[in-house]
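Subject: A structure for you to explore

Hi there,

Here is the structure I promised to pass on to you.

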Amino acid sequence: MWSVIVLLTGPVLAGLLSLVIHRARVLHVVNFSTMLALAVAETALTRQVLAEGSVTTLGGFVYVDALSDFILVIITAIGLSCSLYMWSYMDDRVARGVIAPKRLGHFFFLFHMFLFAMVAATMANSLGVQWVALEGTTLATTFLIAFFRRRESLEAGWKYLILCSVGIALALFGVVLTYYSSVRVLGDASSALNMTALIGVANQLDPNVLKLAFIFMLVGYGTKVGLVPMHTWLPDAYSEAPAPIAAMLAGVLETVAVYTVLRSKALVDQALPPEFTGNLLLTFGLLSFIVASLFILIQHNYKRLFAYSSIEHMGLAMIGFGVGGMIGTFGGLFHLLNHAVAKALAFFVAGNIHRRFDTLEIDGVRGLARAQPITAVAILVAGCALVGLPPFSPFVSELLIVSAVAAQDFSSDTMHVGRFVTMTISDEMRSLGIVALFLFFAVVLFGGFMFRVGAMVWGTPPAGIAQGESWTAGHVSLMIMIVALLGLGFVLPEPIQMLLTRAVNVIVVR
Amino acid sequence: MSASTQLGSQLVDLCSVLLLLCCFAIVAQRRLSACVDLFALQSAFLAATAALVAFLTGHKHIYFAAALTIVIKVIVLPRILRKVIERLNVSRELGMNINIPAGLLICGALVIVAFFITQPIIPLGYLLTRDSLAIALAIILIGFFTMIARQKAITQMVGFLVMENGVFLGATAAAYGMPLIVELGVFFDVLVAGLIVGIYTHRLQDTFDSVDTSTLTVLKE
């Protein structure tokens, strides 16, 4: 109970405080201590969820089960390391006159509103409130993306606002359709959009309405996830946003958007055979994976490179959820965590490089190993992790997803991707076809990504670039994330494993 | 079906069709201020539909939604948008991605598509409002189309607001309104979105000397 209240009110209070505080140091202390409080509250909530299964409080408005708790773990963990990183990053931006000192308060206000909207979207019991909160994240982040007020950032912020608002308006129609079908069964109750009420009656809902509802929600929330072909805002937004915000967008916001898709999938799967949602997710996932890996080949801007890698990883997670089953879903969820850590690390690194080299062009960055040795290690780790090399944790989750695809048991009377790839061959060949396609583009991606990263790390730095690097608060969070990526590759701590297994049981319908 | 239900159902249909007509008028209109006025008119029809449904079904909370529609979508948002237009250096939209006759034809096709998509689920609906669901989807699709066809930031925002109106008509028609907390939240989001667009057009005007989104071409592959 208290942990839920802390998680919801903490960001709001911190945001309002940020508007009245003017000293940078105090702002950072408030920000960091809020994130610390959120992390503590989240730990307590996790204990409660593991003990009781699910938590419903605040008059039924808040519903936290293993799935939403797992997403909350990601939000608070990445948020905490982000606040450490912002300490050095934002001070540096102010010192160099990129932003006026008095705007620092606005930055933290928007940041905490963003955080609040994400926490609310994850905890909301009602699908409608979840939608409201997710649209809230769009509204809070558009000015964060355009925070530097350059031409490009204004353009990116505008595109983001318009595309995501439109996408999410379509999702609202999906929510309306869900309500249309549920209010029939539950009667005219104000609880007819609540997950707690829907779960019990989901198998009585009308399948035709739910089909249409799921398509609208997938397209709408999929825009927020950045699935191809609704991804066009994403590289612009990530490359123009300040580095910590890009890290939060890529690591956390995408995860929350995936969570909303999973919620609707869990609902629809009770009324329809899981192949319906599964094949849609598989199609979008595979398409995103392939298109993103091709675009990675032609990138010359390192932040855009990481942005396309985000699309690719979300596609990968969607493939996992699309294949479904225990292994695929477990792999997909675990991949969300690994991607969040690796991608946040990558964008922190991008922020460090940008501050030293003052360019976003990959060609302008040479000899990182000499200029910024710590950052060079971090970008190598992030690069290896993002292309799925062992011993880093994304390797484990990708392996789980691939083996789930290979072992998938296609039922032949439903429409699926496999039919386009291999028309008349048996089921085993069809899943092997997808695996082959997947592995081929994984190799393309590996080459493209590591070539770019390698080009930045080795060589001699351009003239006029200072060499050597001193430790700041930001470097501490880099180290923590490197350790996390390595550690999760070898051992999955008991509580996280339990949380993941229970979250899988929320999604997979038997 | 009793005579009063039949009359009520026809009145609701009439109101929904008026909303749809406003959509076509917006697609056919070049003047920015007229687009905003038409949006306000459409919102007024939406409020009328909601009030009618509330009256016929006795669901009191829909009156509340109708009142909020009048305050936010008929008065506040159009006023914000008109203020923005006053500051701009253009009042008419000259370049369009798709010209008006072709646009109107496409919109006609979209209405057919909307009826086609919703056909299997319409029989589930309440007798009073069953056809409005198809019209709601048509309005959403036309709003979406407006955003694609137009280049000015203001008309793109109007397109978005038209989509929202469509969703609200759908909610009122299909399920006699959504839970109150959700409706409040959606209104709040729409209002904030309107304010943000106002600020954005201001900054775009200052930075690019235009609110034509076709000038936003720096970022691409």
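This is a predicted model: local features need pLDDT of at least 70, side-chain atom pairs count only at pLDDT 80 or more; totals for chains, interfaces and linings use all residues.

Let's start with a pair of helices inside chain B. Helix α3 (residues 60-87) of chain B packs with helix α6 (residues 153-175) of chain B at an angle of about 175 degrees, and their axes are 12 Å apart. An angle over 145 degrees counts as roughly antiparallel, and α3(B) and α6(B) are therefore roughly antiparallel to each other.

Now for chain B as a whole. How many helices and strands does chain B have? There are 7 helices and 0 strands in chain B, and reading along its sequence gives the pattern α-α-α-α-α-α-α. The radius of gyration of chain B is 18 Å, close to the 17 Å that the globule rule gives for 221 residues, so chain B is as compact as a globular protein of that length. Along the principal axes, the C-alpha atoms of chain B fill a box of roughly 60 × 35 × 30 Å. Of the 221 residues in chain B, 48% are buried. Take the contacts in chain B between residues at least 6 apart in sequence: 74% of them join residues at least 24 apart.

Next, the place where the two chains meet. Chain B brings 36 residues to the contact, and chain A brings 36 residues too. Which elements of chain B give two or more residues to the side that touches chain A? They are α5 (132-149), α6 and α7 (180-208) of chain B. Among these, α7(B) gives the most, with 13 residues. The side of chain B that touches chain A divides into 28 nonpolar, 4 polar and 4 charged residues.

The crossing of α6(A) and α7(B) is left-handed. On α6(A), the contact is made by A:Arg151, A:Leu154, A:Trp158, A:Leu161 and A:Ser165, while α7(B) supplies B:Ala193, B:Ile196, B:Tyr200, B:Arg203, B:Leu204 and B:Thr207. By class, the contact of α6(A) with α7(B) has 7 nonpolar, 2 polar and 2 charged residues.

Finally, a pair within chain A. The axes of helix α3 (residues 66-95) of chain A and helix α19 (residues 473-490) of chain A cross at roughly 150 degrees and come within 6 Å. That angle makes α3(A) roughly antiparallel to α19(A), and their crossing is left-handed. From α3(A), the contact includes A:Ser81, A:Leu84, A:Tyr85, A:Trp87, A:Ser88 and A:Tyr89; from α19(A), it includes A:Ala473, A:Gly474, A:Val476, A:Ser477, A:Ile480 and A:Met481. This contact of α3(A) with α19(A) has 8 nonpolar and 4 polar residues, with no charged ones.

Enjoy exploring, and write back with any questions!

Best wishes

Methods. Residues are numbered from 1 along each chain as its sequence is written. Chains are lettered from A and ligands numbered from 1 in the order in which they are written. Helices (H or I, at least four residues) and strands (E, at least two) are DSSP runs, numbered from the N terminus. The radius of gyration is taken over C-alpha atoms; the globule rule is 2.2 Å times the number of residues to the power 0.38. A residue is buried if 20 or more other C-beta atoms lie within 10 Å of its own, exposed if 12 or fewer, and partly exposed in between; C-beta atoms are placed from the backbone. Two residues are in contact if their C-beta atoms, placed from the backbone, lie within 7 Å. Axes are lines fitted to C-alpha atoms, for helices over the stretch in contact, and angles run from 0 to 180 degrees between N-to-C directions. Angles under 35 degrees count as roughly parallel, over 145 as roughly antiparallel, 65 to 115 as roughly perpendicular and the rest as oblique. A crossing is left-handed if the near helix is turned anticlockwise from the far one by less than a right angle, and right-handed if clockwise. Ala, Val, Leu, Ile, Met, Phe, Trp, Tyr, Cys and Pro count as nonpolar, Asp, Glu, Lys and Arg as charged, and the others, Gly among them, as polar.
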